[in-house]
Amino acid sequence: MRVRVLRTGALSVRWEPRAAAVCGALSAVAVCAAVLVVGSGEFPISPPEVVRALIGQGDRATEFIVTTLRLPRAVTGLLAGLAFGLSGAIFQSISRNPLGSPDIIGFTTGSATGALLQILVFGGGAVAITTSSVAGAVLTALAVYLVAYRRGGGVHGVRLVLIGVAAAAMLQALNFYLITRAELREGYEAAFWLTGSLNGRDWDQAVPLALALAVLVPAALLLARPLGMGELGDDAAQALGVPVQRTRALLTVAGVGLVAAATAAVGPVPFIALAAPQLARRLTRRPGAQLLPAALTGAALLACSDLISLHLPVAMPVGVVTGVLGGVYLAWLLSTTARKGTT
């Protein structure tokens, strides 16, 4: 493993060639998958034609299909995958547990509960559903954090995960109850939203998500170094000058904001936040929080899953595809872990 430190005066930057190559490859995969998504549909468009339309050199009909009808879906998928991957890396690092992703510890479920209340109880429109989705994630995270907090000891990873899993189970039960009490049409709409889908996404979802990421992603990346030190343990991190509890609280705010914005845009898409950080670690072969590789892995995974969903014999929401991939991934992970434990 090669690590270089580039210095210019008082500024130093840590440069890891393998991590940089992985990030470049993941970016290329995500962009290529997005281009293929834009070209997929009842009116197929080849990748060169998609690129020409994006730079304004295509015919009028192709440019309309690409930029107006299909590009918002691809952009929303990339941004949502990035947000899920980065949020998963943050919470897995905070909890020091590979199961400590927002879809396991209840934050995504809380976001879904907020949206369902608006869809099934209050009957709000798209803006109200988005607002309620964000509010549900924030309130769930606040409740879990306060219950997990111990005076003098702060929030510890195992306690956060256990309380989050309990909160997720209760909120999931509430979601199912709301659907069973709904009218048929509203229940179908709610169930479809809970699956996670990119169908019908336009700039009304992509632009707010992009604005949220423009604030939250730089904030999270700035805290990457103290986050990595926090994985050494609270005592060791404090000895190195890291304000552990303050850093953890700020990262929790950033992570909740990321998952809330993504869930509001595409619904509670499973698997991405859980698997992207682990895959990023294996690709970079680096321990600790790999925030940028995890974010790019999430974007690539969701874009590729969306491409698969568009080419299935039967049209399915992207959440179904990510759920299947997640099951395969977990089976592989458990078998690998068991094999290592027996050798």
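I will start with the nonpolar core, go on to the aromatic pairs and end with the cysteines. Please keep in mind that this is a predicted model.

First, the core. The largest nonpolar core has 55 residues, and the members that touch the most others are Phe84, Leu86, Ile90, Phe107, Leu213 and Leu258. Several helices contribute at least two residues each, including helix 5 (126–148), helix 8 (203–222) and helix 14 (318–341). Helix 3 gives the largest share, 10 residues. Take Leu86 as an example: leaving out residues up to four places away in sequence, Leu86 touches Val217, Ala220, Leu258, Leu291, Ala294 and Ala295. A separate core of 12 residues includes Ala53, Ile65, Val66 and Ala74.

Now the rings. How many aromatic pairs does the structure hold? There are two. In one, the planes of Phe91 and Phe107 stand at 65°, so the pair counts as edge-to-face, with ring centres 5.0 Å apart. Phe91 is buried at 1% relative accessibility, and Phe107 is buried at 2%.

The other pair, Tyr188 and Phe192, is stacked, with 6.5 Å between centres and 25° between planes. These two are four residues apart in helix 7, about one helical turn. Tyr188 is exposed at 60%, while Phe192 is partly exposed at 31%.

Last, the cysteines. Searching the whole structure turns up zero disulfides. For Cys304, the nearest cysteine sulfur belongs to Cys32, 9.3 Å away; a disulfide needs the sulfurs within 2.5 Å. Cys304 is partly exposed at 29%.

How values were computed
Residues numbered from 1 in each chain as written. Predicted model: local features only at pLDDT ≥ 70, side-chain atom pairs only at ≥ 80, totals over all residues. Heavy atoms only, no water. Buried < 20%, exposed > 50% of the residue type's maximum accessible area, 1.4 Å probe, protein only. Core = buried A, V, L, I, M, F, W, Y, C linked by side-chain atoms within 4.5 Å. Contact = heavy atoms within 4.5 Å. Phe/Tyr/Trp six-rings, centres within 6.5 Å; stacked < 30°, edge-to-face > 60°.
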